[in-house]
Amino acid sequence: MSLATVGLLLAAGLSLAGALPLVQSQGLPLPTPGQLRYETNEIAALIHFNMQTFFHSCTKDNWVGLHGSSNPANFAPTNLNFSNWAVSFKAMGVKHAILTAKHDCGHLLWPSKVQLPNGTVYPYAVGRENSYVKQDVVAEFVAMCDSIGIGHGFYYSLTNNFFLNVRNHQLQPGPLLPGQVNVSQSEFEAIAMGHLTELWGNYGNLTEIWFDGGYTTDMAAELTALLLKLQPDAAAFGGLGVSPNPVRWIGTEFGNDAAPIWSTGTAEGNGDPDSPVWNSAACDTTLQRADRWFYFPGDPVRTLSELIQVYHSTVGNNGVLELDFAIDRTGNVHPDHARAYAGFGDWIRSCYGSPVASTSGNGTQLVLTLPTRTKLDRIAIREDQVRRTRLFVPRRPAWCFVCSALAISRVVRISA
């Protein structure tokens with residue numbers, strides 16, 4: 001749908017009335033409570049903070065040695081400060097935050113008790129004798145989120161684990177590098193399930209879980225049972241087939257897809273209005289310009305005008321914006337990033353925080369009466385997703401046609 005910004009001057013006493021018949025439809029898919037909470041949140045922080053903060057990625061070229069990415073001592077934030085994160089979360093208006101508890105390197109941000117096949121505890125983690133970070137980062141992250149009243153969740157990659165020599169869900173052939181551990185495919189999957197049992201079972205009720213890259217079919221039954229047991233209400237990115245609350249990827253990491261976004265559909269992308277499956281749309285994108293998710297020194301950040309476009313193309317278009325927070329090597333939100341988040345949040349509140357008029361209700365017509373000579377260029381429309389409706393906008397000669405759309409978006413910007 002086109003989103004052109006044009007002012008519209010309404011005469012005194014004119015009502016914006018569209019005779020919107022809110023016809024209750026039978027048989028339409030409905031969101032679960034977990035999906036409804038996810039979509040209502042609108043904006044999430046997708047935090048990237050782990051070994052890749054210091055190495056960008058784990059490879060054969062940087063893995064080996066005292067100063068290599070294999071050494072947990074090299075995950076070394078010099079001033080880890082969760083209160084600093086909280087300031088930017090509140091400034092931007094984040095409603096829940098997801099932490100990369102384990103990314104592709106295999107390094108854990110909590111001191112797992114899961115054992116390797118040889119009986120030793122999984123060593124590549126915080127809280128070990130040779131770790132720089134001794135505390136449970138996951139636990140402190142959860143406590144911070146609770147303290148400011150936002151939800152929390154975790155990213156755990158089942159796709160890659162360089163420490164265990166796994167890529168694209170499968171063990172890799174060839175000799176191991178020093179510091180890698182020899183496991184079988186079934187042993188890798190058992191270790192991963194043990195990690196997920198800890199993450200999902202020890203850190204409270206989760207708002208969102210990430211399956212980046214999905215999961216293998218041989219793990220589906222176990223994952224389904226574990227989710228239903230430990231986190232039945234968590235929205236699950238990439239979780240279609242194992243979670244009752246699936247969330248799908250919108251198909252781009254640039255946050256600028258301007259097509260209508262539907263909340264139904266089984267494939268990645270903008271969705272399918274005719275699908276019987278509710279599958280919320282996640283629009284993940286970076287703040288850093290180079291499409292880098294982990295902090296990279298010197299990378300410029302996107303401008304406010306670019307973030308405004310991202311907002312209208314995601315939140316304003318019926319998606320959920322998951323904006324990256326690339327925590328820097330001190331363990332803080334970099335000052336340049338913090339200013340960008342704060343400016344973005346200020347704009348959202350100034351533009352959408354206090355509508356000039358609002359209305360809601362049931363029945364066949366909603367009337368929005370505006371103050372005298374009100375100038376506006378956008379309307380926010382929300383559907384009661386618990387009691388699904390089909391919305392029809394008939395044209396009648398006595399009315400001024402304002403706008404139309406294929407899907408109910410959160411924001412409709414008006415063209416004259």
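Analyst: Contact here means heavy atoms within 4.5 Å. This is a predicted model, in which local features need pLDDT of at least 70 and side-chain atom pairs count only at pLDDT 80 or more, while totals for chains, interfaces and linings use all residues. Residues are numbered from 1 along each chain as its sequence is written, and side-chain values use heavy atoms, with hydrogens and water left out.

Among contacts in the protein chain between residues at least 6 apart in sequence, those joining residues at least 24 apart make up 72%. The chain has eight helices and 18 strands; these are DSSP runs numbered from the N terminus, helices being H or I of at least four residues and strands E of at least two. Of its 416 residues, 51% count as buried, where buried means under 20% relative accessible area, exposed over 50% and partly exposed in between (1.4 Å probe, protein chains only).

The part in question is the second largest pocket, which holds about 390 Å³ of space. A pocket is an open set of points, on a 1 Å grid over the protein atoms alone, with protein on both sides within 12 Å along at least five of seven lines; lining residues have an atom within 4 Å of a point. Grid points are joined across faces, edges and corners, and the volume is the space filled by probe spheres set on the points. Twenty residues line this pocket, and Cys58, Asp104, Phe162, Val166 and Arg167 lie nearest its centre. The lining comprises eight nonpolar, nine polar and three charged residues. In this scheme Ala, Val, Leu, Ile, Met, Phe, Trp, Tyr, Cys and Pro are nonpolar, Asp, Glu, Lys and Arg charged, and the others, Gly among them, polar.

Asn168 lies in the loop between β7 (166-167) and β8 (170-171). Its phi is near 55 degrees, a positive value in a residue other than glycine. Asn168 counts as exposed because its relative accessibility is 52%.

Asp291, in the loop between β12 (280-285) and α7 (304-313), also has a positive phi, near 55 degrees. With a relative accessible area of 27%, Asp291 is partly exposed.

Ser88, by contrast, sits in helix α3 (residues 82-92) and counts as buried because its relative accessibility is 4%. Leaving aside neighbours within four places in sequence, Ser88 is in contact with Phe325, Val333, Ala338 and Tyr341.

Technical notes
1 Å grid on protein atoms, 1.4 Å probe; cavity = no way out; pocket = protein on both sides within 12 Å on 5 of 7 lines; lining within 4 Å.
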